[in-house]
Amino acid sequence: MNYILLLIGFALLVKGADYFVDGSSNIAKKLRIPSLIIGLTIVAFGTSAPEAAVSITASINGQNGMAIGNVIGSNIFNLLMVIGASGIIKPLLVEKSILSREFPFTLLISIILIILSSDILLFNSSINTINRIDGIILLILFIVFLYYLINSAMKNRKESLCDTETSADLDMSNIKSIEKSNTMIKSILISVIGIAAIIFGGNLVVDSASNIASSFGVSDQLIGLTVVSIGTSLPEFVTSIIAATKGESNLALGNVLGSNIFNILFVIGASALISPMTVDPKLIIDGAIMILSTILVYFYAYRKNDISKFESITLSLLYFGYMGYLIFIA
């Protein structure tokens, strides 16, 4: 029965995220926000909603091993498998702005997460613990990131409106206003349905995965790193694959980087604020793998401003190697 509930939970997560992303993306497009910003915010946060639902629910239930394992496992999956599979379909072109801002920021907060997970800083009350103060630090960084994105979105929207506004647009303003209102209501409704499915699905995944882990004697952290992290990353995987087939490299990369930033800053921050997280020392190794994966993808992207098919294949193979490592040490 637990396996059936796990599948139902994943189905709700994926479909719920799909509805949420569609609805939210339509809202964003109506507000004239560029694809890169959409990828970093609406799409990234929407596709990361399953990770948030699972990790926060796990934290509330005192299953913090699964919470942090889910985030690190999802981030590794996003970097190696999602980008890898997307680049295999079509080489990903990389904007200079991503190389100068989002990539370095993702690397920085990945390093910060590992530092906070250890006893390096004096305000950590115990070894290998992410406490409430650490959670607040991560959430403050998340607010700073949101502030930057909102400023960028408003600036781009203002420029877009100035470029497209004409007298013909003004003459049709009343009709367009009614159409826009109807579309916005529909999009908001779809988004709400998606969020409801994500929350319910998150509860099912945590409960069933925890029961399966207990029956096999497998730790919550290993389940979080494998089954749960892959399952909750399916929305990112599907979204980036579709974006790659349509030549939307910015959306594909923005989705991955935005999701990883959201996972570390908001998901871990909120989870730690709810309940301090004890980190298994072995998980620090997975954190190091996450950092090295970020550096490798950044190196590939920086070299020629794209991620080629060959480089994408190496990323995918590295993920399979990582899965083999997890099975070996289990």
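The questions and answers below concern helices in a predicted model.

Biologist: How are helices α12 and α13 oriented relative to each other, roughly parallel or roughly antiparallel?

Modeller: Helix α12 covers residues 281–304 and helix α13 covers residues 309–329. Their axes are 11 Å apart and meet at an angle of about 175 degrees. Angles over 145 degrees count as roughly antiparallel, so α12 and α13 are roughly antiparallel.

Biologist: At what angle do helices α10 and α11 pack?

Modeller: Helix α10 spans residues 234–245, and helix α11 spans residues 249–274. Their axes are 8 Å apart. The two helices are roughly antiparallel, and the packing angle is about 160 degrees.

Biologist: How many charged residues are in the contact of α10 with α11?

Modeller: E236, T239, S240 and A243 of α10 meet L251, A252, N255, V256 and S259 of α11. By class there are 4 nonpolar and 4 polar residues, and the number of charged residues is 1.

Biologist: How far apart are the end C-alpha atoms of helix α5?

Modeller: Helix α5 has 22 residues, 96–117. At 1.5 Å a residue, helix α5 should span 32 Å. The distance between its end C-alpha atoms agrees with that, at 32 Å.

Biologist: At which residue in α5 does a kink lie?

Modeller: The kink is about 30 degrees. It lies shortly before the proline P104, at E102.

Conventions:
Residues numbered from 1 in each chain as written. Predicted model: local features only at pLDDT ≥ 70, side-chain atom pairs only at ≥ 80, totals over all residues. Heavy atoms only, no water. Axes fitted to C-alpha atoms, helices over the stretch in contact; angles between N-to-C directions. Helix = DSSP H or I, 4+ residues; strand = E, 2+ residues; numbered from the N terminus. Parallel < 35°, antiparallel > 145°, perpendicular 65-115°, else oblique. Expected span 1.5 Å × (residues − 1). Bend = angle between axes of the 7 residues up to and from the residue. Contact = heavy atoms within 4.5 Å. Nonpolar A, V, L, I, M, F, W, Y, C, P; charged D, E, K, R; others polar.
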